[in-house]
Amino acid sequence: CHMGAMKAAAHSLTERQMVFLIMNTILFQKNVAADPTEAFTKGATTGESFLVAFFGRMQENGVDNIELPDFIFCSFILMCAFELLNFGVKRSGYIFNAKLIPVRGKHLDDFSVVDLTFISLNKLATIPFVYFLIKYMYHEPNALWSLQKATLVNVLLPIVPFFIIYDFFYTLLHWALHIQAIYGFIHKHHHRQKAPSRANTDAVNVHPIEFFLGEYNHLFAIFIYTHILGLEVHVLMLPFIFTMAAFMTGFNHTRFDSKIIVKGVTLYDSKWHDVHHRIPQSNYGQYTNFWDMCFGTFRAYDPNDRVNPKNQLDPKTGKSLGYEAPERIPKSE
């Protein structure tokens, strides 16, 4: 039987390899021989599905020796997941009938060539980031992979400390990017958008240097939690924190009034980041403004701020009501 063969192989496989073996068995109900490596090799050579062979190669090679076709396959899945999350963020507000934040700043109605280039480069830059993240977790002793060792303590408990650690360094980074001598070279590009609305697309419309620093700050926060503080986390924590991160970052760049309130305490409010896009010297935090409150840079949302009717967005086009298409210079005959 499947479970019997898996138990027999447990002594010769690492925890990480067992994860791939269990996934292969559950997903495809594949007969597992006494030697799992032999079973995987046989599956790969007898023309079985690509996914079966993929899990086999990952079990055998690990992260360090991933083959190019597998890397491309994972990259494709990652890009699809990114677009799916972005779609989910943009549609979820309408599905749940979320209240809209009035547009007070000038909306960036049209992307320039530079905008589209930065967005594309930053989406692609997510691929190596995820690879290095998984590689770190693969080798970190305090990162657990065994499904039997997954508990609330190592899967869900680290989520809050992770965001607190992340935002401490991100708040300082974001503040530094607003220093006048630096601002024009990197962060000014992102603030061309005074009223973000396109969810994660507007979120990643930043200078590639800024995207790199912000993205790898996630890995730095995990490094501090696991290596510096010496605390254990389970790899299953990653889908939770990065799904939450994607949604919070996305909602920060929509017109949806989104909040996370626990026992009367507001931990997250998308309006806070909307304030930052209009009044840049405030609300530097990404996921929470806890550190802004500590550093004195927090600015509350004021519903009485002036609203320009022409700046409101057309729900059909996503552009300002007063939008005028740029004139195109006719080609010379």
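## Close-up views of a predicted model

Lys 319 is partly exposed, with a relative accessible area of 22%. Here buried means under 20% relative accessible area, exposed means over 50%, and partly exposed lies in between, using a 1.4 Å probe and protein chains only. These areas come from the Shrake-Rupley method with a 1.4 Å probe, and for residues only the protein chains shown count as cover. The structure is a predicted model, in which local features need pLDDT of at least 70 and side-chain atom pairs count only at pLDDT 80 or more, while totals for chains, interfaces and linings use all residues. Residues are numbered from 1 along each chain as its sequence is written, and side-chain values use heavy atoms, with hydrogens and water left out. Asp 110 is also partly exposed, with a relative accessible area of 32%. The side chains of Lys 319 and Asp 110 form a salt bridge of 3.1 Å, N to O. Lys 319 is in the segment after helix H14 (290-295) and Asp 110 is in the loop between helix H5 (68-95) and helix H6 (113-139), so the pair ties together parts 209 residues apart in sequence. A salt bridge is a side-chain nitrogen of Lys or Arg within 4 Å of a carboxyl oxygen of Asp or Glu. Helices (H or I, at least four residues) and strands (E, at least two) are DSSP runs, numbered from the N terminus. Side chains of opposite charge can pair when their charged atoms come close.

**Asp 115 and Arg 192 meet in a salt bridge.** The N to O distance between their side chains is 2.7 Å. This pair links distant parts of the chain, with Asp 115 in helix H6 and Arg 192 in the loop between helix H9 (180-183) and helix H10 (200-203), 77 residues apart. Is Asp 115 buried or exposed? Asp 115 counts as buried, at 0% relative accessibility. Arg 192 is partly exposed, at 34% relative accessible area.

**Arg 198 pairs with Asp 202 in a salt bridge.** The distance between their side chains is 3.2 Å, N to O. Both Arg 198 and Asp 202 are buried.

**Ile 260, Val 262, Val 265 and Leu 267 make a nonpolar surface patch.** The patch covers about 300 Å². Strand S3 (259-262) and strand S4 (265-269) are the elements that give two or more residues to this patch. Patches are made of residues with over 30% relative accessible area and no salt bridge; like charges are joined within 9 Å, and nonpolar side chains (Val, Leu, Ile, Met, Phe, Trp, Tyr) within 5 Å. Ile 260 is in strand S3 and is partly exposed, with a relative accessible area of 32%. Lys 263 is in the loop between S3 and S4. Lys 263 is exposed, at 84% relative accessible area, and has a positive phi near 50° although this residue is not a glycine.

**Helices H5 and H12 cross at roughly 50°.** The axes of H5 and helix H12 (residues 237-252) come within 10 Å. Axes are lines fitted to C-alpha atoms, for helices over the stretch in contact, and angles run from 0 to 180 degrees between N-to-C directions. H5 and H12 are therefore oblique to each other. Angles under 35 degrees count as roughly parallel, over 145 as roughly antiparallel, 65 to 115 as roughly perpendicular, and the rest as oblique. H5 passes H12 in a right-handed crossing. A crossing is right-handed if the near helix is turned clockwise from the far one by less than a right angle, and left-handed if anticlockwise.

**Asn 97 and Ile 101 are in the loop between H5 and H6.** Asn 97 is not a glycine, yet has a positive phi of about 55°. Asn 97 counts as exposed, at 69% relative accessibility. Ile 101 is buried, with a relative accessible area of 4%. The C-alpha atoms of Ile 101 and Asp 257 are 5.7 Å apart in space, while the residues are 156 apart in sequence.

**Ser 320 is in the segment after H14.** Ser 320 counts as buried, at 6% relative accessibility. A distance of 8.4 Å separates the C-alpha atoms of Ser 320 and Lys 106, which are 214 residues apart along the chain.
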